[in-house]
Amino acid sequence: MTYKELNAAVMVVCGLAVTAWVAWQALNVPAPDVESVAWRLLYAIGLNIIINIVLMVLATIVVSVAQREELKDERSDERDRAINDRSMRNSYFAVSIGGLGVIIALASGLGPVFAAYALFAALVLGGLIDPISRLVYYRIN
């Protein structure tokens, strides 16, 4: 597993874990207003960043020890750039469709609390599609 693949795998694990936490919070600890939901989602984003950094450091150490050589990020070549471009395109498409869905939900009269969670879901989905796409593209190319 290369450094780029390891990074993508860690991003997927972190994104899924934080999304599960947000879903659990939404179902079990209802927020009284949009401001509370927004703060909860800001904490989730911050938590995702911190967990991602810590897990990446730990995963790099574990893989380096297992391989008995330092795991380094190799220079990007044209294959890496093409994979990154296609993955970002997939992510952008998902976020665009999700944003449209949130606007439709608001226009349909669904509440702002639902809209906040829907917007978060659209952004997380886009954020997960990028590393998942990279993992798939690295395996098939």
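**Ground rules and confidence**

Since this is a predicted model, local features need a pLDDT of at least 70 and side-chain atom pairs count only at pLDDT 80 or more, while totals for chains, interfaces and linings use all residues. Residues are numbered from 1 along each chain as its sequence is written, and side-chain values use heavy atoms, with hydrogens and water left out.

The pLDDT score is the predictor's confidence in each residue, from 0 to 100. Here the protein averages 92, and 100% of the residues score at least 70. Helices are DSSP runs of H or I with at least four residues, numbered from the N terminus (strands would be E runs of at least two). Confidence is lowest in helix α2 (residues 34-67), with a mean of 92, and highest in helix α3 (residues 78-107), at 95.

**Helix α1 and what covers it**

Helix α1 takes in residues 3-28, 26 residues in all, and its first and last C-alpha atoms are 37 Å apart. That is close to the 38 Å expected at 1.5 Å a residue, where the expected span is 1.5 Å times one less than the number of residues.

Which residues of α1 are buried? Among them are Lys4, Glu5, Leu6, Ala8, Val10 and Val12, along with Cys14, Gly15 and Val18. Buried means under 20% relative accessible area, exposed means over 50%, and partly exposed is anything in between (1.4 Å probe, protein chains only). The cover over these buried residues includes α2, α3 and α4.

Setting aside neighbours within four places in sequence, Asn48 is in contact (heavy atoms within 4.5 Å) with Cys14, Gly15 and Val18. Asn48 counts as partly exposed because its relative accessibility is 26%. Its C-alpha atom is separated by 19 Å from that of Met88, 40 residues apart along the chain.

**Charged pairs**

Side chains of opposite charge can pair when their charged atoms come close. How many salt bridges does a search of the whole structure find? It turns up 2, taking a salt bridge as a side-chain nitrogen of Lys or Arg within 4 Å of a carboxyl oxygen of Asp or Glu.

| Salt bridge | N to O distance |
|---|---|
| Arg139 and Glu5 | 3.3 Å |
| Asp130 and Arg134 | 3.2 Å |

Arg139 sits in helix α4 and Glu5 in helix α1, so this pair ties together parts that are 134 residues apart in sequence. Arg139 is exposed, at 59% relative accessibility, whereas Glu5 is buried, at 6%.

The other pair stays within a helix: Asp130 and Arg134 both lie in α4, 4 residues apart, about one turn. Are they buried or exposed? Both Asp130 and Arg134 are buried.

Arg134, in α4 (residues 112-140), has a relative accessibility of 12%, so it counts as buried. Not counting residues up to four places away in sequence, Arg134 touches Lys4, Ala8, Met11, Ile83, Asn84 and Ser87.

Ser133 also lies in helix α4 and is buried, with a relative accessible area of 9%. A polar atom of the Ser133 side chain lies 2.8 Å from the backbone oxygen of Ile129. Beyond residues up to four places away in sequence, Ser133 touches Ser87 and Asn90.

The whole structure holds 1 aromatic pair. Trp39 and Tyr43 form it, 6.0 Å centre to centre with 40 degrees between the planes, which counts as tilted. For the cut-offs, rings of Phe, Tyr and Trp (its six-membered ring) pair if their centres lie within 6.5 Å; planes under 30 degrees apart are stacked, over 60 edge-to-face, and the rest tilted. Both residues lie in helix α2, 4 residues apart, about one turn of the helix. Trp39 is partly exposed, at 46% relative accessible area, while Tyr43 is exposed, at 54%.

Most residues other than glycine have a negative phi. Arg68, however, has a positive phi, near 60 degrees. Where is Arg68 found? It is in the loop between α2 and α3. Arg68 counts as exposed because its relative accessibility is 77%.

Technical notes:
A polar contact is a pair of N or O atoms within 3.5 Å; within protein, one must be able to donate a hydrogen and the other to accept it, and residues adjacent in sequence count only if both atoms are side-chain atoms.
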